[in-house]
Amino acid sequence: MTRTVLLTGGAGYIGSHTFVALVEAGYSVVIVDDFSNSKPSVLTRLGRLTGLNKVEAYEGSVLDDAFMERVFNAHEFDAVVHFAAKKAVGESVSYPVDYVETNVGGLTTLLRLMDAHDVRRLVFSSSATVYGDPDIIPIPESAPRSYTSPYAFTKLMSEQILEQAAAADPAWAFGILRYFNPVGAHPSGTIGEDPSDIPNNLMPYIAKVAAGELSHLNVFGDDYDTPDGTGVRDYVHVCDLAMGHVKSLDALMASNLGHTVNLGTGIGSSVFDMLQAYSRACGKTLPHVVTDRRDGDVPVLCAEVDRARELLGFEAKRTLDEMCASSWHWIQTGAKE
Ligand code: WQD
């Protein structure tokens with residue numbers, strides 16, 4: 001019997017890759033997206049990639065009760081995978097109320113509709129930023145939570161709302177996934193990260209330097225207490241991350257047992273590691289200038305990955321070189337269409 005999943009934010013960077021992984025895993029997937037941070041043309045690409053003649057999708061906001069009621073009335077959903085949210089840390093500092101309204105308000109609107117339609121399984125897109133500046137590296141899921149930005153505040157509040165809802169009614173089953181640093185693109189080069197303005201994040205910025213759209217990379221500080229002085233992060237290929245969502249959903253469908261897991265590789269890479277790996281992928285020397293540290297940055301974020309492996313059978317396998325090669329392939333092919 002086909003299992004039907006509502007995928008909010010399904011035209012976005014991680015959402016689109018998760019769409020492909022869900023379809024390949026045999027799920028029937030319905031997308032809701034307001035295209036505030038994605039393009040309708042992604043739907044055509046998803047149809048090509050999956051061989052689906054028609055990608056079932058609705059344009060609208062998860063904040064719009066009446067719109068979402070129409071979507072829930074049109075389908076018998078078995079579960080929801082929820083990506084639709086704002087995700088730029090810097091922007092959240094400037095517009096904190098917008099972030100709470102969209103990220104937390106969107107979640108509570110969704111939960112109300114799920115409750116009304118007896119849809120009890122939700123995979124939730126959380127973030128390693130709920131760990132703040134952790135004392136323990138690699139970071140276990142049991143580490144204390146805090147926040148250093150309004151964005152992180154919304155993810156922490158959302159996790160707590162889900163925890164309270166599940167405690168009040170055990171019929172709910174939530175897969176809370178804490179992403180570390182998603183990067184890379186689908187190997188076909190058909191979908192990938194497609195920032196409209198100057199990227200905040202490291203890999204898309206380096207990609208634009210490699211493409212000749214930006215002159216050089218600013219390395220935000222080389223005086224951290226790390227092997228080469230630059231920030232260390234746990235980069236994870238977006239296709240591995242997408243598979244993590246399939247594994248989480250499979251677990252909820254099989255056992256109805258909730259879980260909270262890190263999605264990362266457990267391997268830390270510095271800014272210079274990334275710069276050198278991208279240089280190998282594109283075959284160019286990539287100019288860079290060391291500048292001051294960026295406010296809010298922490299020295300090291302790296303995941304402990306045992307729980308995802310034990311609970312979900314999830315392991316991120318792709319290497320930093322594969323992440324960079326897939327990004328460069330996307331820049332050279334898909335991003336140009
Ligand atoms: C990585 C490293 C920078 C850009 C953010 C969000 C997080 C998540 C992923 C949503 C750091 C350095 C970066 C540049 C640089 N998003 N850097 N020059 O900050 O770890 O995480 O994106 O869930 O919530 O906080 O990622 O890619 O911005 O930075 O030197 O131009 O690269 O200092 O050490 P970050 P990032």
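Start by selecting the ligand and everything around it: the shell has 18 residues, and Tyr 151, Leu 202, Asn 218, Arg 233 and Asp 297 come nearest. Here, "around" asks for a residue with a heavy atom within 4 Å of the molecule.

Before going further, a word on what you're looking at. This is a predicted model, where local features need pLDDT of at least 70 and side-chain atom pairs count only at pLDDT 80 or more, while totals for chains, interfaces and linings use all residues. Residues are numbered from 1 along each chain as its sequence is written, and side-chain values use heavy atoms, with hydrogens and water left out.

**Stop 1: the ligand**

Which polar atoms reach the ligand's oxygens? Click Tyr 151: an N or O atom of its side chain sits 2.7 Å from a ligand oxygen. Next comes Asn 201, with a polar side-chain atom 3.0 Å from an oxygen of the ligand. A polar backbone atom of Leu 202 is 2.8 Å from a ligand oxygen.

Now colour strand E8, residues 217-220, which gives the shell its largest share, four residues. Helices (H or I, at least four residues) and strands (E, at least two) are DSSP runs numbered from the N terminus. By class, the shell has eight nonpolar, seven polar and three charged residues. Ala, Val, Leu, Ile, Met, Phe, Trp, Tyr, Cys and Pro count as nonpolar, Asp, Glu, Lys and Arg as charged, and the others, Gly among them, as polar.

**Stop 2: the second largest pocket**

Select Glu 193, Lys 208, Trp 330, Ile 331 and Ala 335, which lie nearest the centre of the second largest pocket, out of 17 lining residues. Two elements give two or more residues to this lining: helix H7 (202-210) and helix H11 (320-332). H7 gives the most, with four residues. The lining divides into 10 nonpolar, two polar and five charged residues. A pocket is an open set of points on a 1 Å grid over the protein atoms alone, with protein on both sides within 12 Å along at least five of seven lines; lining residues have an atom within 4 Å of a point.

**Stop 3**

Is Arg 45 buried or exposed? Arg 45 counts as buried because its relative accessibility is 10%, and buried means under 20%, exposed over 50%, partly exposed in between (1.4 Å probe, protein chains only). Find Arg 45 in helix H2, residues 41-50. A polar atom of the Arg 45 side chain lies 2.7 Å from the backbone oxygen of Thr 190.

Jump to His 245 in helix H8, residues 238-255. At 1% relative accessibility, His 245 is buried, and a polar atom of its side chain is 2.8 Å from the backbone oxygen of Leu 241.

Finish at Val 97 in helix H5, residues 96-116. Val 97 counts as exposed, at 64% relative accessibility.

Note on methods:
Polar contact = N/O pair within 3.5 Å; in protein donor to acceptor, adjacent residues only side chain to side chain. 1 Å grid on protein atoms, 1.4 Å probe; cavity = no way out; pocket = protein on both sides within 12 Å on 5 of 7 lines; lining within 4 Å.
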